[in-house]
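Student: Could you take me through one part of this structure up close? I'd like to see who its neighbours are, and then how other parts compare as examples.

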Amino acid sequence: MGQQAQRTARRRKLGAALKDARVAAGVTVAEAAKVIGGDNSKVSRVENGRHRITQLELNALMDLCGVKQQKAREWLTALASEERKKNWWTQYHELLPGGFKETLLLESDAARIEVYQAEVVPGLLQTPDYARTVMAGAPYPPTDEQLDFYVKFRMERQRVFEREDPPQYICIMPEGVLHQQMGSADIMGFQLRRLVAACRSPYITIRVVPFTRHPYTCTGGSFNVYSYPGPMDLEVVHVPHLDGELYLEDDEAVAKYRRVFQNLQVSALSAQQSIELMTSIANDLEREARHK
């Protein structure tokens with residue numbers, strides 16, 4: 001039996017595709033419900049991305065709706081085949097904001113993550129002291145106990161780069177992020193050294209848009225693009241905002257953010273030039289710290 005489940009990007013995409021196939025084939029909701037052994041509400045939940053579907057149910061729906069092309073069937077199967085593994089953050093379920101859980105799911109198995117961070121160093125690259133300073137400056141600062149938990153949790157998230165198949169992680173930041181001192185000069189200098197060290201990984205690329213270049217500025221703010229190539233062929237844009245998280249998987253919306261990221265890459269320094277700039281700023285900060 002399928003299970004009531006959190007709406008994720010995969011399930012939303014799968015549900016929308018199944019609904020399109022059903023409508024195009026002239027199949028009623030009642031007919032679809034009959035072949036998967038459920039009622040109309042079950043079909044509605046599947047099409048809204050709120051119900052996990054089994055492979056047998058998916059095959060039955062594809063056959064009923066005349067989905068015969070092998071590539072289309074493989075795509076739908078890939079979207080439906082989420083691993084039912086227990087994620088490491090499950091034990092913290094009650095402590096995490098609802099919308100943020102989808103970020104964790106996307107982050108955990110994306111093949112490629114592209115990040116534009118306009119204000120601070122991205123969480124997956126932060127040091128503990130830098131993360132603590134950023135979080136303490138939130139509009140509604142957490143308590144000391146909460147702060148300890150969130151910093152520890154953020155460091156645990158960084159283990160995504162230790163998995164067997166780490167994501168390709170491409171980050172673009174304006175130079176201002178590197179100069180915006182979070183905490184002491186020591187904290188900021190150590191954070192920049194952490195970024196330089198991260199660049200040694202074959203999976204991590206950091207590029208900086210310098211003050212001396214005219215940047216592509218119409219970004220609308222920070223965003224992340226999570227990509228799943230191969231049969232799934234899925235891209236999801238995550239736009240964090242003050243009240244929560246926005247997730248976009250509509251092809252047109254994703255294409256707009258993809259274009260923005262490409263334009264940012266044109267404005268950014270090369271990876272090596274970015275390392276040199278980060279090293280130079282870190283050196284300045286360390287000299288400042290020594291003379292205090």
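Tutor: Let's start with Gln 158, which touches Gly 123, Leu 124, Leu 125, Gln 126 and Arg 194, leaving aside residues up to four places away in sequence. Keep in mind that this is a predicted model. Where does Gln 158 sit? Look in the loop between helix H8 (144–157) and strand E2 (168–174). Is Gln 158 buried or exposed? Its relative accessibility is 12%, and buried means under 20%, so Gln 158 counts as buried.

With a relative accessible area of 13%, Asn 224 is buried. Its contacts, again not counting residues up to four places away in sequence, are Glu 114, Val 115, Val 236, Val 237 and His 238.

Next, the cysteines. A disulfide is a covalent bond between the sulfur atoms of two cysteines. How many disulfides does a search of the whole structure find? The search finds zero. Cys 171 shows you the reasoning: the closest cysteine sulfur belongs to Cys 199 and is 9.0 Å from the sulfur of Cys 171. A disulfide needs the two sulfur atoms within 2.5 Å, so the sulfurs of Cys 171 and Cys 199 are too far apart for a bond. Cys 171 is buried, with a relative accessible area of 0%. Cys 65 also counts as buried, because its relative accessibility is 12%.

Finally, turn to a pair of helices. Helix H4 (residues 55–64) packs with helix H5 (residues 70–80) at an angle of about 150 degrees, and their axes are 11 Å apart. Angles over 145 degrees count as roughly antiparallel, and therefore H4 and H5 are roughly antiparallel to each other. Their crossing is right-handed. Which residues make the contact? From H4 come Gln 55, Leu 58, Asn 59, Met 62 and Asp 63, while H5 brings Arg 73, Leu 76, Thr 77 and Ala 80. Sorted by class, the contact of H4 with H5 holds four nonpolar, three polar and two charged residues. If you find these side chains in the viewer, you can trace the contact from Gln 55 of H4 through to Asp 63, and then look across at the H5 residues, Arg 73 and Leu 76 among them.

Conventions
Residues numbered from 1 in each chain as written. Predicted model: local features only at pLDDT ≥ 70, side-chain atom pairs only at ≥ 80, totals over all residues. Heavy atoms only, no water. Buried < 20%, exposed > 50% of the residue type's maximum accessible area, 1.4 Å probe, protein only. Axes fitted to C-alpha atoms, helices over the stretch in contact; angles between N-to-C directions. Helix = DSSP H or I, 4+ residues; strand = E, 2+ residues; numbered from the N terminus. Parallel < 35°, antiparallel > 145°, perpendicular 65-115°, else oblique. Left-handed = near helix turned anticlockwise from the far one by under 90°. Contact = heavy atoms within 4.5 Å. Nonpolar A, V, L, I, M, F, W, Y, C, P; charged D, E, K, R; others polar.
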